[in-house]
Amino acid sequence: MLDLRRIRTDPDEVAAGLARRGEDPEELAQVVRLDEAHRALETEATDLRREVKQLSKQVGQLRREGATDEAATVADKSRSLGERQHALAAEADELARQLRDRLLRIPNLPADDAPDGAGPQDNVELYRVGLAPEGFEDHQRVPHWESGPDLGILDLERAVRMSGSMFAMYRGLGATLNRALCQLALDTNADAFEEVRPPSVVLTDTMVATGHLPKFAEDAYHMAADELYAIPTAEVPLTSLARGEILAEDDLPARYMAYSPCFRREAGSAGRDTRGLLRLHEFDKVEILAYATEAQAGGLHEELLGRATRLIESLGLTYRVLDLCAGDLGGSAARTFDIEVYAPGVDAWLEVSSVSWFSDYQARRAEIRYRPADGSANQPVHTLNGSALAVPRVWAAIIETCRCPDGSIRFPDPVLPYLRGAVGVAADGTPLRSDT
RNA sequence: GGAGGGAUGGCAGAGCGGACGAUUGCGACGGUCUUGAAAACCGUUGAGGUGCAAGCCUCCGGGGGUUCGAAUCCCCCUCCCUCCGCCA
């Protein structure tokens with residue numbers, strides 16, 4: 001969430017930032033009004049509280065001196081003040097609750113260098129790598145939802161039978177490839193990132209910390225009986241790893257990575273991208289995440305982007321990098337680079353990674369701070385994260401890109417060590433081995 | 001799931017209705033001493049809010065209550081530990 005003090009000192013600057021996102025200015029105005037009302041009440045209640053405390057001390061003093069009558073008089077006075085104080089404090093608490101609730105729904109300010117724009121059409125393409133989309137051959141123009149089931153490595157029909165639409169089931173080498181991609185992503189980042197295997201189901205506060213709640217409740221799977229949520233990304237538990245903690249500056253940057261299943265209701269996208277693996281209610285992903293100081297954040301953002309693109313590149317896929325415009329930024333993000341992979345079979349760019357810098361927005365919600373080495377006041381950390389690899393779309397792009405003229409698939413080199421000797425799938429669905 | 005015990009500052013651990021934001025020990029940091037270090041000694045050492053500042057206020061797992069006054073008493077919840085049951 002935004003820093004209330006900043007809202008008070010530079011309301012115009014904050015309003016300008018939110019306007020770049022296309023936010024309704026009234027939301028911020030409400031927060032400002034609530035904050036003022038809250039502080040006025042709080043001050044009044046605090047003054048009364050002080051008086052009550054002082055009077056109470058007098059009561060104790062007078063009793064000890066044996067002046068019981070006087071003590072009773074002072075106690076009476078203190079009681080009536082206390083009653084008023086109680087009422088004011090309750091009112092102040094209620095305002096504080098409303099204020100926080102509103103503040104939690106206000107998105108982060110876009111970074112100064114995030115491009116202007118209202119929506120996806122205004123995102124800025126920074127660069128492309130790999131074969132141009134027009135350069136792909138006809139044998140690569142087969143959508144994965146056709147070749148996958150034909151080769152017996154993808155079973156969409158039965159997945160739908162057991163779980164409904166937008167669920168997938170991988171089989172045989174398809175399932176192995178899925179796992180191989182996870183393992184590859186973890187192994188290539190193990191040089192700098194601590195591997196974590198977090199819970200896949202979390203409490204409400206954990207979802208609030210990243211910004212997935214309260215505003216986007218309809219996107220999350222909620223287990224009402226136990227007040228738990230299925231995580232939409234490992235970003236959620238990893239961001240809460242240090243929740244409520246004060247880190248030493250020496251600990252920063254701290255880098256973590258995690259494989260996790262991801263669950264998304266995709267409430268707003270019914271009927272869109274429903275075919276194949278393009279949009280699923282459950283998928284596997286490896287996430288990389290860092291806590292940093294403000295000074296370190298820029299460099300780390302580049303590092304995370306570099307790691308994500310190198311991995312895609314090593315798989316031989318065509319991709320492009322987009323700088324998201326202010327209007328298309330996720331609620332918690334200040335700056336985001338999207339990596340989109342070209343899938344020749346469906347002839348579309350698929351978002352496979354969002355590498356984001358959240359400034360101190362998430363850390364404020366999660367109360368993650370660090371103690372500066374120079375002894376100055378504790379600061380919220382900056383958080384950054386990105387998908388190292390989101391499996392289904394990469395899986396689909398590989399199946400399409402790596403399809404040979406004879407209908408077989410030859411997997412890219414980096415995954416081969418994880419495929420138990422297989423190097424691809426023959427057109428009849430049998431595994432291809434390195435010696436054949 | 002049942003029965004009992006517990007939750008206090010970085011850690012350990014007192015406090016059980018009045019000067020307690022909290023004794024003390026350890027750790028950490030600064031200083032004295034020392035060629036350097038150790039030891040010893042002295043000092044500092046939780047977080048948040050508000051205020052120009054002095055200060056004031058809040059926080060002893062969370063929420064509610066009793067009281068002039070709550071870390072201390074009462075109620076509810078959560079988590080941890082021990083024992084029993086069940087179980088991958």
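Leu18, Glu23, Asp24, Pro25, Glu27, Leu28, Ile106 and Pro107 line the second largest cavity in this predicted model. A cavity here is a set of points, on a 1 Å grid over the protein atoms alone, where a 1.4 Å probe fits but cannot get out, and lining residues have an atom within 4 Å of a point. Helix α3 (residues 25–64) gives the largest share of that lining, three residues; helices (H or I, at least four residues) and strands (E, at least two) are DSSP runs, numbered from the N terminus. The lining splits into five nonpolar, no polar and three charged residues, with Ala, Val, Leu, Ile, Met, Phe, Trp, Tyr, Cys and Pro counted as nonpolar, Asp, Glu, Lys and Arg as charged, and the others, Gly among them, as polar. Its volume is about 40 Å³, meaning the space filled by probe spheres set on the points, with grid points joined across faces, edges and corners.

A word on ground rules: this is a predicted model, so local features need pLDDT of at least 70 and side-chain atom pairs count only at pLDDT 80 or more, while totals for chains, interfaces and linings use all residues. Residues are numbered from 1 along each chain as its sequence is written, chains are lettered from A and ligands numbered from 1 in the order in which they are written, and side-chain values use heavy atoms, with hydrogens and water left out.

Two cavities reach 30 Å³ or more. The largest has a volume of about 60 Å³, and Ile106 and Pro107 turn up in its lining too, along with residues including Leu104, Arg105, Lys215, Phe216, Tyr361 and Arg365. This lining comes out at five nonpolar, three polar and three charged residues.

Now for the packing. The largest nonpolar core has 62 residues, and Leu181, Leu315, Ile339, Val394, Trp395, Phe411 and Val415 touch the most other members. Such a core is a set of buried Ala, Val, Leu, Ile, Met, Phe, Trp, Tyr and Cys residues joined through side-chain atoms within 4.5 Å, where buried means under 20% relative accessible area (1.4 Å probe, protein chains only). Helix α7 (residues 173–189) supplies the largest share, eight residues. Neighbours within four places in sequence aside, Leu181 is in contact (heavy atoms within 4.5 Å) with Leu315, Leu389, Val391, Val394, Trp395, Ile398 and Val415. Another core, of 35 residues, lies apart and includes Met1, Leu48, Leu95 and Leu99.

Finally, there is an open antiparallel sheet, ordered β15-β16-β17. Strands β16 (residues 422–425) and β17 pair over three bridges, with at least two DSSP bridges needed for pairing.

Notes. On a 1 Å grid over the protein atoms alone, a cavity is a set of points where a 1.4 Å probe fits but cannot get out, and a pocket is an open set with protein on both sides within 12 Å along at least five of seven lines; lining residues have an atom within 4 Å of a point. Buried means under 20% relative accessible area, exposed over 50%, partly exposed in between (1.4 Å probe, protein chains only).
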